[in-house]
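Please look through the sequence and the model first, and then take the topics below in turn.

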Amino acid sequence: MVTTVKNRRFEDEDSGLGVRHLQVFLLFFALTVAYALRVNLSVAVVAMTDAASVNPDFPEYDWSEKTKSLLLSSFFWGYVVTQVPAGQLARKYGGKVMILTGLSICSILNVLTPICARIGGWQLVCALRVVEGLCQGVVFPSTHTILSQWAPPKERATLGTCAYSGNQFGTILMLATSGVIAASPIGWPSIFYISGGIGCVWSVVYFFFGAGSPSECKSISAEEKKLIEMSQASEVSGAQELPKEQLSTPWMSFFTSPAFLVLIVAHSVHNWGFWTLLTEIPSYMKNVLGKDIKSNALLSSLPYVCMFVMSFVFSTISAQLNNRNCISTVTSRKLFNSIGLWIPMITLICLGYVDTDESQLAVVLLCFTVGMNGATYLGYNMNHIDLSPNFAGILMGITNGVANIMSIIAPLIVGFIVTDEHDPEQWRIVFFIAAGFYLVGNSLFVIFGKANVQPWNDPPAKPRRNSTPQVESQH
């Protein structure tokens with residue numbers, strides 16, 4: 001009883017800005033760098049294959065549309081492969097080690113992209129992108145592992161949203177600046193030099209100031225450390241606390257847990273819709289509405305600006321609801337996930353009926369659709385840590401691996417359905433399919449989703465020789 005009272009006191013105590021907020025700030029820039037390195041080729045490849053009209057002072061490559069598609073998809077071949085192993089490795093060696101290693105190597109390889117294009121053509125660039133994908137596969141599982149140890153339960157949604165909003169910020173930066181850089185005197189190679197160089201700078205900063213957990217951080221105050229540990233302990237009170245390397249991974253429990261299975265579904269349907277929009281909407285705008293959204297940097301980045309801003313709006317609303325104890329955690333997750341999937345479901349259906357002479361309305365609906373997706377940061381995206389603080393990184397690796405397979409399949413399905421890119425009836429089918437995924441996926445999440453720590457969060461310990469009893473704070 002005394003412990004419970006103390007836990008509540010530390011949960012409710014307002015500590016202001018602390019080291020945990022610095023760690024989230026560093027994670028925000030980690031994801032900014034990750035997405036800048038991920039999307040820079042999509043803009044740079046235009047200048048690389050048409051340098052004469054952008055900046056004739058730099059090399060031009062005669063790559064077909066098929067080759068360009070191959071280059072743009074090659075990143076995800078490696079990305080999917082390392083998702084699940086990355087979660088396990090982050091648990092064993094720490095999230096800091098994994099994310100620092102992955103982004104450092106990826107940044108260096110990015111700087112080498114222009115050289116590889118010159119000496120090895122598209123084949124070497126393709127191989128380079130596969131390796132970059134392998135390196136970035138560690139980012140989301142490592143981020144979740146770090147957040148699970150730094151974020152008190154009541155701040156989890158807010159801190160998680162702040163960190164993951166770096167995804168949109170990196171996308172916005174690249175889409176808004178890459179065209180300008182390519183046309184400038186420093187040319188398209190500088191897109192890779194600048195983004196990769198910034199990644200290298202982040203790596204140095206994170207090496208000195210980043211920490212995988214409060215116990216690894218030397219600058220954290222005793223008060224803040226105790227606040228984090230006590231608030232997290234209250235979430236799993238009564239559970240056996242063991243060193244994480246002694247906990248065996250309960251794989252069978254993962255895949256027999258309805259709460260985790262619907263989490264996989266929720267993550268997958270989100271990716272289906274999100275990547276359908278990201279890859280196919282520009283083609284829809286150009287061929288059906290006669291408006292090439294890719295040709296305008298502002299319009300191209302505008303939907304992600306909306307998502308970036310709305311993620312903070314939703315985060316503020318969530319924080320107020322939590323501070324006033326208006327709704328439970330599970331209700332909050334389901335509410336915001338429904339906003340992030342069911343409202344876009346409606347706008348996608350509306351988009352299918354927009355007339356060809358109403359391009360401005362189509363852009364508004366697109367921005368609204370992507371903007372509302374920002375609410376999912378407070379929904380399924382934080383649910384991995386709710387279910388299992390001990391295995392959050394592994395759970396994220398599993399769901400993100402499956403979800404990114406869906407994001408590869410979605411554009412292929414669109415290509416199968418849309419045989420005439422100028423036919424609005426065929427595009428309507430594409431939007432209806434994405435809306436249907438949103439409907440079914442979120443319905444399952446609402447019905448079967450949970451937000452309490454699952455029993456398999458504390459599995460039996462692995463037997464070890466010459467082991468001595470140890471106590472580690474629950475993470």
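In helix α9, the buried residues are R156, A157, L159, G160, T161, A163 and Y164, where buried means under 20% relative accessible area, exposed means over 50%, and partly exposed lies in between (1.4 Å probe, protein chains only). Because 7 of the 9 residues of this helix (residues 156-164) are buried, α9 is largely enclosed by the rest of the structure. The model is predicted, so local features need pLDDT of at least 70 and side-chain atom pairs count only at pLDDT 80 or more, while totals for chains, interfaces and linings use all residues. Residues are numbered from 1 along each chain as its sequence is written, and side-chain values use heavy atoms, with hydrogens and water left out. Helices (H or I, at least four residues) and strands (E, at least two) are DSSP runs, numbered from the N terminus.

**Salt bridges**

- The structure holds 6 salt bridges, a salt bridge being a side-chain nitrogen of Lys or Arg within 4 Å of a carboxyl oxygen of Asp or Glu.
- One of them joins R156 to D386, with an N to O distance of 3.0 Å.
- Since R156 belongs to helix α9 and D386 to helix α18 (residues 380-387), this pair ties together parts that are 230 residues apart in sequence.
- R156 counts as buried at 2% relative accessibility, and D386 counts as buried at 1%.
- D386 also forms a salt bridge with R333, where the closest N and O atoms are 2.5 Å apart.
- R333 lies in helix α16 (residues 329-351) and D386 in α18, so this second pair ties together parts that are 53 residues apart in sequence.
- R333 is buried as well, with a relative accessible area of 4%.
- A further salt bridge links R129 and E132, whose closest N and O atoms are 3.4 Å apart.
- R129 and E132 are separated by about one helical turn, because they stand 3 residues apart in helix α7 (residues 113-136).
- Both R129 and E132 are buried.
- R20, E155 and E224 are linked in a network of salt bridges.

**Nonpolar surface patch**

- L22, F25, F29, V201, V204, V205, F207, F208 and F209 make a nonpolar surface patch of about 880 Å².
- Patches are made of residues with over 30% relative accessible area and no salt bridge; like charges are joined within 9 Å, and nonpolar side chains (Val, Leu, Ile, Met, Phe, Trp, Tyr) within 5 Å.
- Accessible areas come from the Shrake-Rupley method with a 1.4 Å probe, and for residues only the protein chains shown count as cover.
- Helices α2 (19-49) and α11 (189-209) each supply at least two residues of the patch.
- The largest share of the patch, 6 residues, comes from α11.
- L22 lies in helix α2 and counts as partly exposed, at 36% relative accessibility.

**Another position in α2**

- V43 also has its place in helix α2, and at 18% relative accessibility V43 counts as buried.
- V43 and G179 are 136 residues apart in sequence and 6.9 Å apart in space, C-alpha to C-alpha.

**Cavities**

- The structure holds 2 cavities of 30 Å³ or more.
- On a 1 Å grid over the protein atoms alone, a cavity is a set of points where a 1.4 Å probe fits but cannot get out, and lining residues have an atom within 4 Å of a point.
- Grid points are joined across faces, edges and corners, and a volume is the space filled by probe spheres set on the points.
- The second largest cavity has a volume of about 40 Å³.
- Its lining consists of W272, T276, A410, I413, V414, I417, V430 and I433.
- The elements that give two or more residues to this lining are α14 (258-287), α19 (392-417) and α20 (424-448).
- Helix α19 gives the largest share of the lining of the second largest cavity, 4 residues.

**Cysteines**

- The count comes to 0 disulfides, a disulfide being a pair of cysteine sulfur atoms within 2.5 Å.
- C367 is in no disulfide, and the nearest cysteine sulfur, that of C306, is 4.2 Å away.
- C367 counts as buried, at 9% relative accessibility.
- C126 is buried, with a relative accessible area of 8%.

Notes: On a 1 Å grid over the protein atoms alone, a cavity is a set of points where a 1.4 Å probe fits but cannot get out, and a pocket is an open set with protein on both sides within 12 Å along at least five of seven lines; lining residues have an atom within 4 Å of a point.
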